Amino acid sequence: AASPLKNYNAGKVAVDLGLNVPTSNTYEGHSVGSKKTSPYAGITVGLGSNTAVNYKWNQYKNSGSNKVEAQQLNLMYKVLPVLDVYAGYVDSDVKLHGDSRSSGQVGVQGRVELPFLCTLWGRAGVGNKLNSYEIGLSRTLVSNVELNLSYYDNKFKDSAPGGSDVKTKGVNMGITVKF
């Protein structure tokens with residue numbers, strides 16, 4: 001994902017695009033080979049009154065045709081200027097066997113501005129089928145475009161055959177355009 005949208009006023013938008021490099025996937029406790037890149041995308045739209053809606057799509061590829069695709073839809077609420085809470089829905093599809101798992105989730109995200117350097121940010125979410133965290137930094141390239149680099153770690157519970165977990169972790173690199 002990317003640096004959180006700072007302003008949730010109605011009509012404020014952030015669009016995220018990037019790649020996971022590299023991705024490490026573990027099925028049933030066994031590591032499977034990972035491809036060099038997998039895409040991700042997202043959008044956050046401010047609704048006003050300190051609320052926003054956020055959609056994220058991630059794909060975690062590995063060797064062969066195995067991959068995990070995850071979609072999230074979250075309602076965000078800004079509790080402090082640098083701290084948000086969220087609640088939402090996650091759908092994960094493990095292409096290893098074609099089953100899809102749905103999960104509710106709650107989480108928190110925050111950021112710290114380091115003037116003239118970058119923004120440090122992080123998020124953590126827990127749900128009945130997904131636990132995840134991500135920490136990163138972003139650097140403004142021009143007034144509304146940011147470069148992002150982050151580390152993520154996801155655990156999709158009971159998603160592999162036999163009810164075992166699928167774990168993905170790696171580095172995200174991308175850009176965010178804010179309007």
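Visitor: In what order do the elements of the protein run from the N terminus on?

Guide: Helices (H or I, at least four residues) and strands (E, at least two) are DSSP runs, numbered from the N terminus. Here the order is β-β-β-β-β-β-β-β-β-β-β, with 0 helices and 11 strands. This is a predicted model: local features need pLDDT of at least 70, side-chain atom pairs count only at pLDDT 80 or more, and totals for chains, interfaces and linings use all residues. Residues are numbered from 1 along each chain as its sequence is written, and side-chain values use heavy atoms, without hydrogens and water.

Visitor: How many cavities does a search of the whole structure find?

Guide: A cavity is a set of points on a 1 Å grid over the protein atoms alone where a 1.4 Å probe fits but cannot get out; lining residues have an atom within 4 Å of a point. The search gives 2 cavities of 30 Å³ or more. About 210 Å³ is the volume of the largest cavity, where volume is the space filled by probe spheres set on the points, joined across faces, edges and corners.

Visitor: Which residues are the closest to the centre of the largest cavity?

Guide: Lys56, Gln72, Ser132, Glu134 and Asn154, out of 23 lining residues. Strands that each supply at least two lining residues include S4 (51–61), S5 (67–80) and S9 (130–142).

Visitor: What share of the 179 residues is buried?

Guide: Buried means under 20% relative accessible area (1.4 Å probe, protein chains only). The share is 42%.

Key
On a 1 Å grid over the protein atoms alone, a cavity is a set of points where a 1.4 Å probe fits but cannot get out, and a pocket is an open set with protein on both sides within 12 Å along at least five of seven lines; lining residues have an atom within 4 Å of a point. Buried means under 20% relative accessible area, exposed over 50%, partly exposed in between (1.4 Å probe, protein chains only).
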